[in-house]
Amino acid sequence: MTQSLPIDSYLAHDKAVSTLNIAEQPLQEIINGMKEVYLADTRPWIIGFSGGKDSTVVLSLVFTMLNQLTTDQRRKQVYVVSSDTLVETPVVVDLIKKVLRNVNESARYGNLPVSAHAVHPKMDQTFWVNLLGRGYPAPKQSFRWCTERMKIDPVSDFITDKVAKFGEVIVVLGSRRQESASRAQVIAKHRIRNSALSRHTTLPNAYTFMPIENWSADEVWEYLMAGPCPWGGDNAELFELYKGSNQGECPLVIDTSTPSCGNSRFGCWTCTVVSEDRALHGLIETGNAWMQPLLDFRNKLYDSIDPKNASAYRHVKRRTNRVTYRHTRGNEKDDIKVRHIPGPYKMEHRQRWLKDLLEIQKQLEVSGHSFELIRKEELQSIRQQWLRDPIEPDVVDSLPQIYREVFGERIEWVDNDAGVFSTPDALLLRDLGERYGVPAELVTKLLEVELSKSGLGKRIGIMRELEMVLRQDWDIDEALEYRELEFETNSAWREKIRTLQEAYDKAPTV
């Protein structure tokens, strides 16, 4: 389908929606209200675009509003920012890329002050670097480490950069009160009195504007399906995407008060916060069978966070190299429960999952779906994490070999990336450790400290660093025995204190 010229797209869109009544008022009145906010000051706008229905409506309304202004009135920039976590559902990624490309082209031809940008998490904070590299357990409700690193931080950095440049900005969002009661409360809480704007919950000098906050979901679809997009094309693909999955969108997350995904909505195909990814499953059932390996892989990750599987998948020690317990108080006053906090995923599982992931990527390429599941920059970072893992360093440097086994080719690795020891050195240390009953990782860490302090000018503090290494829990059985004794001792003291307190309470007052 040939895309129409921007002016033709706008005119067709404007004609199609001109008679709509939304939220009990003519659509033009809503657009006029947006004009007032836009023309009221010089603060640039930042549109949070997630690719879903609500943010698509907001982007369309802003395009329509700008087209109705004169060239002189379009005096401030509108930035469209979309957060790509790098593990988004593939069909959603394709749709967002297409919209951002069309928006930039249409804005350029139509002389609109609009520019679209995709932001990503930092390469050392991506999903795969944290899960496969550092061994973080797959996200769940009690440990959703992904939202801030992968969604909030990239968008916040973009907004903060514009605040530094312009002093203040207005973030335009597709939030609606009818989405949830909590969303309505957040909107009301931060609203500035007698203003269409709200204060951003965390970023200073940033304000939010929600032009469709009173719209219903039916009104959103009525608008989207009424005519073509003002930047060209239509929303048929978006509608089919929703119809196929029968789910909603993942909102653009700009702070911790904005609900993240977790109800099988469009978002990360790796999401394990929910027990079943119904959105991905729905897409597969409606003609996207090529994504079945992604769902299978996601289900493996979900199984790994089942508490009964913790000992099989995760280390006894945490990344601090210590065995950790958490004391929690039960319902009764003296009911103290002890819960072991497992550590990161074991290296064997991380290595196997990486190979599985690369094999899926190769399979997709062969079948004509060239979708990059993991970037080479991420592989570089994962390799560094493995080589310097605090619990079990990858002494044989396995990642390059895993990549060669799957793709049959080499990639250039970062210089000085292979750690202190060569593979023969590491294997020798392992053999000696087994012979003398000393963990090879302990000897490796001690030698690394020694080598890092080589030279007379660097010896300060070496004894303290060596002692810190030695104090870590290298003997698991001994560490567990010590923690048990520690708990029993603490329990005995608590009981003694309780007895003394009771005796004190019963003692006669003088």
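## Exposure classes

Buried means under 20% relative accessible area, exposed means over 50%, and partly exposed covers what lies in between. The model is predicted. Lys-355 has 30% relative accessibility, so Lys-355 counts as partly exposed.

## Lys-355 and Glu-405

Lys-355 pairs with Glu-405 in a salt bridge. The closest N and O atoms are 3.1 Å apart. Lys-355 belongs to helix H13 (residues 347-366), while Glu-405 belongs to helix H15 (residues 398-407), so the bridge ties together parts that are 50 residues apart in sequence. Glu-405 is also partly exposed, because its relative accessible area is 46%.

## Asp-54 and Arg-176

Another salt bridge joins Asp-54 to Arg-176. Here the closest N and O atoms lie 3.0 Å apart. Asp-54 sits in helix H3 (residues 53-67), and Arg-176 sits in the loop between strand S6 (169-172) and helix H7 (181-190), so this pair ties together parts that are 122 residues apart in sequence.

Both partners are buried. Asp-54 has 2% relative accessibility and therefore counts as buried. Arg-176 has a relative accessible area of 4%, so Arg-176 is buried too.

## Lys-162 and Asp-161

The side chains of Lys-162 and Asp-161 also form a salt bridge, with an N to O distance of 3.6 Å. Lys-162 is at 12% relative accessibility and so counts as buried. Asp-161 is at 45% and so counts as partly exposed.

## Salt-bridge total and network

The count of salt bridges in the model comes to 13. Some charged residues join in a network of salt bridges: Asp-41, Arg-43, Lys-76 and Glu-168 are linked in this way.

## Helix H18

Helix H18 spans residues 462-470. Its buried residues are Ile-462, Leu-466 and Val-469. These residues cover an arc of only 55° around the axis, which means that they lie on the same side of H18. What covers them includes helix H17 (440-452).

The face of H18 turned away from the buried side carries exposed residues. These are Met-463, Arg-464 and Met-468.

Technical notes:
Residues are numbered from 1 along each chain as its sequence is written. This is a predicted model: local features need pLDDT of at least 70, side-chain atom pairs count only at pLDDT 80 or more; totals for chains, interfaces and linings use all residues. Side-chain values use heavy atoms; hydrogens and water are left out. Buried means under 20% relative accessible area, exposed over 50%, partly exposed in between (1.4 Å probe, protein chains only). Helices (H or I, at least four residues) and strands (E, at least two) are DSSP runs, numbered from the N terminus. The arc is that of the directions from the helix axis to the C-beta atoms. Contact means heavy atoms within 4.5 Å. A salt bridge is a side-chain nitrogen of Lys or Arg within 4 Å of a carboxyl oxygen of Asp or Glu.
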